[in-house]
Amino acid sequence: MIAEQRPLRHVIRRSLAENLLTCPTFVREDNEVLAFGQAAHSFFAAYFLQCRAANEETRLTDVTRLAGEAWARTHGLQQGRFAEFMQLCEFFALTWEAGLETLSHLEHTETLEVGEDLLLTATMDRIDRADQGDPDDPPSRELITDFKTERAELDHDFQMRWYAQQRLLGSPALSEVGVRIAWVRDAFLSDTVWYRRGELDFWWKTMLAGLRDRLAQPDPQPVGGPSCPDCAKRFSCGKATAVAREIPEDEAQADELFQDLLRLEEAREVRHAGLKHFYGDRQPRVVHGHELGYLTPREARLVITAAPLELHKWLKRHHYDADAALKVDSSAVAPVQHKLVEAGLAKHEFSKAGFRWRKFVAERKKVRKHEEEAQ
Ligand code: SF4
């Protein structure tokens with residue numbers, strides 16, 4: 001008797017789907033950065049579970065033990081990052097409460113069969129009930145939180161849609177799912193994006209068609225693109241983007257790259273100054289598709305000639321948003337900033353960390369500077 005031929009079933013995680021859609025030959029790089037993120041997520045779940053077991057919103061006394069256990073059970077870690085890991089876990093416990101009243105799932109792996117050929121999976125860091133309904137009834141609204149340990153400015157739209165749609169398809173009682181991103185290192189929370197049932201159906205159908213197309217290709221070819229930075233083939237693949245090939249693999253390579261960058265920046269400054277001097281008494285020219293020289297702006301800029309109060313009144317009278325148009329110049333009020341804070345009219349806050357560099361200031365000097373400022 002001939003055995004019945006079953007179609008090949010692909011098990012696809014959300015992250016793989018996103019990358020395959022971009023490039024059909026993508027291979028995920030299993031590096032220490034990934035392992036660091038896995039260890040951190042393992043701690044986040046263990047910590048919240050411990051809070052739940054103790055019925056307390058925080059369990060700071062358990063952080064060291066739980067973080068140590070998460071580190072010990074994760075393979076592939078760069079051992080020199082242990083102190084950084086412990087610090088991150090402590091910061092997490094200080095900045096995030098367990099939210100036991102709404103917490104329903106941690107590290108929840110959702111699976112979904114799509115036809116006979118696809119089994120889709122996604123692991124959601126945390127799911128909260130968001131409808132304030134009867135705990136015995138299935139929720140009609142849920143909120144998914146995804147914790148990020150990296151700071152890279154990545155687009156999380158695909159991930160948010162996937163999580164929401166998988167949850168909506170897997171739980172018939174849900175009418176709406178919200179997804180938000182939590183950047184753990186900065187204790188920064190994104191706005192929540194809410195998806196109603198049916199809203200993502202067309203996108204989902206299109207995405208699945210694309211996924212099946214990539215999986216069916218007999219001889220897939222690399223195409224390059226946004227997946228290259230996370231791809232294991234980026235150093236050997238001819239289609240890898242230039243940026244992907246530059247991403248260092250360790251601190252020694254990163255230091256070398258930064259040194260190159262400082263040199264290039266210095267070289268740029270020198271050339272810029274040379275050309276500025278050269279064009280000081282010459283007419284601008286068109287060179288390599290650029291206008292070069294002393295250029296008058298293309299458009300005249302608007303100069304407000306009225307006093308701020310007069311302008312404010314005029315805008316209000318004509319039903320424009322006068323407050324939006326007139327912003328306070330914070331550098332002009334800097335001398336009285338502490339008084340403004342005391343009066344409750346202003347506050348000091350840090351913005352989200354962004355990639356840049358600056359001169360290193362040793363702690364001792366920083367303290368002295370703050371003391372001088374306070375006097
Ligand atoms: S490096 Fe980029 S183009 Fe090459 S296989 Fe990987 S994702 Fe595709």
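This is a predicted model: local features need pLDDT of at least 70, side-chain atom pairs count only at pLDDT 80 or more; totals for chains, interfaces and linings use all residues.

Residues are numbered from 1 along each chain as its sequence is written.

Domains. I found the protein chain divided into domain 1 (10-216), domain 2 (262-292) and domain 3 (304-349), with bounds that come from an automatic or database domain assignment. The C-alpha centres of domain 1 and domain 2 are 49 Å apart.

Ligand. I looked up the 15 residues around the ligand, of which Cys23, Pro222, Cys228, Cys231 and Cys237 come nearest (near means a C-beta atom, placed from the backbone, within 6 Å). By class the shell has 9 nonpolar, 3 polar and 3 charged residues, where Ala, Val, Leu, Ile, Met, Phe, Trp, Tyr, Cys and Pro count as nonpolar, Asp, Glu, Lys and Arg as charged, and the others, Gly among them, as polar.

Strands. I then checked strand E2 (residues 103-114) and strand E3 (residues 118-129), which pair in the antiparallel sense over 10 bridges (pairing requires that DSSP finds at least two bridges; strands are DSSP runs of E with at least two residues, numbered from the N terminus). Leu106 stands opposite Arg126 in E3. E2 and E3 form a hairpin with 3 residues between them, and Gly115 in the turn has a positive phi of about 65°.

Notes:
Helices (H or I, at least four residues) and strands (E, at least two) are DSSP runs, numbered from the N terminus.
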